[in-house]
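Here are my notes for you to read alongside the model. Have the sequence and the 3D view open, and take the points one by one.

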Amino acid sequence: MDRYLIRKNPRVEGDVQEEEKRQEVVDDSDVEQEEESPGPSSQPFTSTEGAAASHDASTLGDLSMNAQDGPKIPTLHKYPTRMFGVQQRSFCKGWMEPYPWLEYSVSQDAVFCFACRHFLGGGGHGFHREPTYTTSGFHNWRKATASFKGHHESMGHKFAMEAWTEFKLKAKSGSKITNMLDKGHSVLIQENRRYMMGVVESLRYTACQGIAQRGHIEDEDSANRGNFRELLSVIGKFDKTVQKKSDNNPSNAKYVHHDVQNEIINVMAEMIRKQLRDEVKDAEHFAILVDESKDISKKEQISVIVRYLNTESERVVEEFLHFTPADGLDANSLFASIKQTLSRCGIDLNCCVGQCYDGASVMSGCNNGVQELFRREVPQAVYIHCHAHRLNLVLVDCVHNVDAAAEFFETLQTLYKFFSGSVVHDLFLKKQRELSTAQRIELKRLSDTRWACQYDAICAVKRTLPAIIATLRDTVRDKNAKRRTEAKSVSSLMDEQFVLHLILFEDVFRTTKFMSDALQSPNFDLLTADDLAQSVITAISEKRTDDNWAAIRKQAGDMLLMELRRRFSIEANGVLAGLPALSPNHPSFLDKQVILPMARHYGVSEENLCAELHQVRRLLKRKEEQGCTINSNQEFLSLMRPYKDAFVDLYKLISISLTLPVTSASCERSFSCLRRLKSYLRNSSGDGRTSDLALLAINPLRARALDIDRIIDAFALNHNNRRIVLL
């Protein structure tokens, strides 16, 4: 477009300015105001169409009638004058030198834009024809220079100038003007889409990285306009089209405003949600995981996650859908929010086979909790208490109800607080360097919500125990009386009993830590989780026979085992009791009586089940003779997949057994993302933007794989009041 911008002649420009000085207005209140352009909304057209669309201007005999005529530039000895305030002003012929697109009507004493009259018209090209320069004419000579400059830099005028220039270049070869305009339109669209690629990629990169996009002050002269604007500027250094559009486009046609950002981010997020919806539809069954947490702005956010069997990878996945602000924390409000989220994402509620929440009464209540309200609408959606929360409750009950354990962990917390002081902390690190060449170790703070993580705190104390004792000995002789007194108090707690408990609880929590870490995996199925719980129970039972357990065996050991057995019993739910019969390594594998309650719950008749079980045994026998063995539910599903049409009901039950949720740990991970996105400095972000950004940050691989042309197409179709043409 730069080749169409006409440089001003310094001599002529000086004459124009001199003429304007002679016509200086005394009273600005009497000056006529120029009509402002409402914005782009139309397209270029042929010369014949331009003549028909020009209305008043087309009837003037002293103006060009078509594109071939060229601008009319009459030469007069003296031009008509108009009163502006108390002075007279008139048209200055020198204006035509820097703005060759001007044509003057003697009869109307007004100027028009030749390019816009003949090459810019109504249609789908996205630009608006300014009536002042195409129909009524401009004659506010006092505002002439500023108005001409503004019109010259407008996007619609630039498009018309490009079309006019192409028309003149192609006129010699006899090309049709329609073809010229189509080519000009195509070039403009390509440039605009090239620029939008820079905008989209900047937003996509910052969203996937989970970093802030907007700056505190985003003015052009600001030192830091935010990551999004600065990244777009960097792209412009390597892409001249992006740089040109960013520098020359009007402020409302740069598409960097936060409202436009929200639209583009939402387009990408909705494209990912559509992928998830299609995958859930292909899976035919899904489970729902829900949890709520308060963000930095004190607003309760509900995280909704779906668990389903991906038919392409044949693996179970857990995918985040949406953050929904809670209208209330009662069961009815929470259930309504869950339904609203699923409906918005296009997921059929009736396909849900399981629901997993924490142990809060509002969620797990058997009379009026969310899980009960859910089951009233979808009876097959069995409720499963999050296994990670179960394990946490086991450890909490054990510690709080055994005096020795409670005192031990209180001592750990006291150690952490004392060694967090700057003087003591520096001395502690110094003692570590003196006693060991290993990497320094920091003491860990105890967590009130994740007791399985206390293992890290125990290990840190155990590994740095010599340095802790040495630090306390030196601090006892400190000059500071308060610090000296605290050191003496802490030293008195470091007795033989503390060391014994340190060793014993490190051993116990190592076992539970292994189970806690395993439960974080979204690929874990319910039967495997139950097997893991039983192995932990067995391991702790064997440890009780150790002589070192004699002192606390009757208290901590018995309490721990009792709680584990009570909370991790799959037989407590009649429906879930059928899961072992679908595991190839379980003694009850393919036992009809064990599977039957689960089959009935999910709408499988006993007659069909019997027939399919009989046939599948024969199939497995043939596979075994061919050397094929299966050892897990996942392998069983993969083996049955080619025969899914023959074993419809059995394949359905296997799929459901893998789809049933184990923990709501994925919700916790989504809250970790929320805390990164909505921080102290970013606490005013809107709910929709926050949810969409979280979806992109949690699914960076899906976000990066989105087709950028499809993103721009969707944005162009959804965006109202387009300032630049994209289609």
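1. Side chains of opposite charge can pair when their charged atoms come close.

2. A word on what you're looking at. This is a predicted model, where local features need pLDDT of at least 70 and side-chain atom pairs count only at pLDDT 80 or more, while totals for chains, interfaces and linings use all residues. Residues are numbered from 1 along each chain as its sequence is written, and side-chain values use heavy atoms, with hydrogens and water left out.

3. Now the big picture. The protein has 30 helices and 9 strands; these are DSSP runs numbered from the N terminus, with helices (H or I) of at least four residues and strands (E) of at least two. Of its 727 residues, 51% count as buried. Buried means under 20% relative accessible area, exposed means over 50%, and partly exposed is in between (1.4 Å probe, protein chains only).

4. How do parts of the chain meet? Take contacts (heavy atoms within 4.5 Å) between residues at least 6 apart in sequence: 71% of them join residues at least 24 apart.

5. Asp474 is partly exposed because its relative accessible area is 25%, whereas Arg477 has 61% and so counts as exposed.

6. Next, have a look at helix H20 (residues 496–519), which holds both Glu506 and Arg510, 4 residues apart, or about one turn of the helix. These two form a salt bridge too, with the closest N and O atoms 2.7 Å apart. Glu506 is buried, since its relative accessibility is 6%, while Arg510 is partly exposed at 38%.

7. Lys274 is partly exposed at 39% relative accessibility, and Asp278 is partly exposed at 30%.

8. By the rule in point 1, the count comes to 35 salt bridges.

Methods:
A salt bridge is a side-chain nitrogen of Lys or Arg within 4 Å of a carboxyl oxygen of Asp or Glu.
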